[in-house]
Amino acid sequence: MTVSEINIPDSLLDRDCTTLSRHVLQQLNSFGADAQDLSAIMNRIALAGKLIARRLSRAGLMADVLGFTGETNVQGESVKKMDVFANDVFISVFKQSGLVCRLASEEMENPYYIPENCPIGRYTLLYDPIDGSSNVDINLNVGSIFAIRQQQGEDLDGSASDLLTNGDQQIAAGYILYGPSTILVYSLGSGVHSFILDPSLGEFILAQENIRIPDHGPIYSTNEGNFWQWDEPLRDYTRYVHRHEGYTARYSGALVGDIHRILMQGGVFLYPGTEKNPDGKLRLLYETAPLGFLVEQAGGRASDGQKRLLDLIPAKLHQRTPAIIGSVEDVKLVESFISDHKQRQSS
Ligand code: AHG
Ligand code: MN
Ligand code: MN
């Protein structure tokens, strides 16, 4: 008796069998060594996601999961215990994997080298282990963000200067969203695909292929508490959405969740510069460039207000940048407020 004879549609079973590693091989249309490596890297990232999701789901029940460590990271931000745990999880899953030579994270001043993987593992993983960590202690959504880049040259002096290149050098990028369910969204440069963790199988199962972001959406997502710190054009844009019907504000304090909503429903996420911090808060290499890559792959737009985010070349590993990311029309509208203001000033 076949599956179709017992009334389970073949398509359903096929979907359940489309695990992340199988999907990567399908995407690359190859079983060659490079494709196997990327598939294995994605599998390890998924393992990190499962370990982090498991700990988050029991956080309030276990000792030493919630709260601060008392340390300050290279960003000058207070470190949470979950930041340290998640950072170490990524290191741990890639140690002795032979896949990745360097890991660069928000939580580490300098990249972490795995010398035994160099030069076999020609890849670098850039990541934000816990994004939105202020949400951890109150059981709201957080995420992890990642990007994979190929090592350029030997990096003999350990400066990792080859990472200071534009966002088009990313081979893959994605995020894991720890919400009511755990969702992994990724792109290898040909479309954006989402997977949901099925806890009964312990596998990420394909949920949606080739996600397209709407050209316009109702949501604007920003911390309006910074209104008076922003430049005039950003304030003007905010006044515009206040005065026009069809806009609604949503801001969770975790970039991954806010971008996921916009990816699915359309709209714009804004974290502009302020008077005190002209480059804003978000970091280019492991926050905005990976998310910009994904949103562009889904047909959206990502900019710093004037330039394409993926064209920016960071001056340092932890470079920050203003970020306007989302639906094409909504990002262009924000950009038009900035360029009109500039033009008025120069005339
Ligand atoms: P992280 O927890 O990795 O430091 O990132 C927090 C980021 C981002 O997730 C969010 O959009 C933003 O910081 C929130 O900042 P504000 O509290 O300034 O709005
Ligand atoms: Mn973050
Ligand atoms: Mn973080």
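A: Begin with the make-up of the shell around ligand 1, whose residues divide into seven nonpolar, four polar and seven charged; here Ala, Val, Leu, Ile, Met, Phe, Trp, Tyr, Cys and Pro count as nonpolar, Asp, Glu, Lys and Arg as charged, and the others, Gly among them, as polar. The model is predicted, so that local features need pLDDT of at least 70 and side-chain atom pairs count only at pLDDT 80 or more, while totals for chains, interfaces and linings use all residues. Residues are numbered from 1 along each chain as its sequence is written, and side-chain values use heavy atoms, with hydrogens and water left out.

Q: Which residues come nearest to ligand 1?
A: A residue is near a molecule if one of its heavy atoms lies within 4 Å of it. Of the 18 residues around ligand 1, Asp131, Gly132, Asn223, Tyr251 and Tyr271 come nearest.

Q: Which polar side-chain atoms lie by an oxygen atom of ligand 1?
A: A polar contact with the ligand is a pair of N or O atoms within 3.5 Å. Polar side-chain atoms of Glu106 and of Lys281 each lie 2.9 Å from an oxygen atom of ligand 1, and for an N or O atom in the side chain of Asp128 the distance to a ligand oxygen is 3.0 Å.

Q: Why does ligand 1 lie between domain 1 and domain 2?
A: Domain bounds come from an automatic or database domain assignment. Ligand 1 lies between domain 1 (10–208) and domain 2 (219–346) because both give residues to the shell around it.

Note on methods:
Chains are lettered from A and ligands numbered from 1 in the order in which they are written. A polar contact is a pair of N or O atoms within 3.5 Å; within protein, one must be able to donate a hydrogen and the other to accept it, and residues adjacent in sequence count only if both atoms are side-chain atoms.
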